[in-house]
Amino acid sequence: MHPLLVPALCVALAVEVLFPLGVALWLQRRLRVPWRYFGYGALVFFVFQIATRVPALQILQRRLKDVLAASPWALFAWIAFAALTAGLFEEGGRYLGFRILWKKEEAKGWPQALMYGAGHGGLESMLLVGGAVFLSLVQVIALSQMDLQSLSLTPEQMEQVRQAREAIAAATWWMPLLGAFERILAMTIQVSLSVLVVQVFVRGRFLWWWLALGYHFVVDLVTAVALQWGQKRLPVEAAFLAVEGIVVLFALLSGWIIYRLRPRPAPEAEAVAAA
């Protein structure tokens, strides 16, 4: 095992858990946005992803695994289906959150959307990704320190442990850091999607929800297809780096969306400030 693997996992876990909280803290202090909007976003993600879509998709995928393994077109259709349902569930949930969780007197605007998106992407980062990294960290530490001679293992269990140790020994130490960087980019995308959806209420046109759905679908579809293509034609590390390059482009576009849709002072206010 590479000596930097465990430190890299620790750093990645810290980023995936603390970065969303740091973003929320900055928004609360800079824009005076209450923490409850972070909670709204986390609640929506939990209900519409973790509690519903993700387990349903896992069950369906297990039933279709033979079909997906046998046909590239079936696999592509599955990827498109997964991307579409991700957009429908997350953006549908985001819209319903704005409609149901917000009180009538509460503002629905750009600052609230930023915190809402931070909660949505934050729970994804802390629970799903951070949880997986934590389990990997525990597994790496446990297997590296395990004394096989002192354990009563069956030959099958011994073979599983051996394969797991070989996988850990062959692991690229900086890959967890790449995953942490991807979470930062994904948070930017999640916030931009909340900014798009809130325009339904700010501008009074449902077209903005369709834009959020389409953008979400494109991001998920392009990255998933690129990863499938890269894993078949490139070394594993190169495939992930190529996908992260694509995610960087989407994150830059998302940053532009957030900036472009920020509230602007009225002309009268600008004139007073200039005077």
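**Notebook: chain overview and one site**

I began with the surface: the chain has an accessible area of about 15,300 Å², and carbon and sulfur atoms account for 68% of that area. I note here that the model is a predicted one.

Next I looked up the secondary structure. I found eleven helices and zero strands in the chain. Reading along the sequence, I recorded the pattern α-α-α-α-α-α-α-α-α-α-α.

For the dimensions, I took the box along the principal axes, and the C-alpha atoms of the chain fill roughly 80 × 40 × 35 Å.

I then turned to burial and contacts. The chain has 275 residues, and 39% of them count as buried. I considered the contacts between residues at least 6 apart in sequence, and 79% of these join residues at least 24 apart.

On charge, I noted 23 positive and 17 negative charges in the chain. Their mean positions lie 10 Å from each other.

Finally I examined one site, alanine 238. In which helix does alanine 238 lie? I placed alanine 238 in helix H10, which covers residues 236-260. I also asked why alanine 238 counts as partly exposed. Its relative accessibility is 29%, and the partly exposed class runs between the buried limit of under 20% and the exposed limit of over 50%, so alanine 238 counts as partly exposed.

Note on methods. Residues are numbered from 1 along each chain as its sequence is written. This is a predicted model: local features need pLDDT of at least 70, side-chain atom pairs count only at pLDDT 80 or more; totals for chains, interfaces and linings use all residues. Side-chain values use heavy atoms; hydrogens and water are left out. Helices (H or I, at least four residues) and strands (E, at least two) are DSSP runs, numbered from the N terminus. Buried means under 20% relative accessible area, exposed over 50%, partly exposed in between (1.4 Å probe, protein chains only). Contact means heavy atoms within 4.5 Å. Accessible areas come from the Shrake-Rupley method with a 1.4 Å probe; for residues, only the protein chains shown count as cover. Lys and Arg count as positive and Asp and Glu as negative; His and the chain ends are not counted. The place of a charge is taken as NZ of Lys, CZ of Arg, CG of Asp or CD of Glu.
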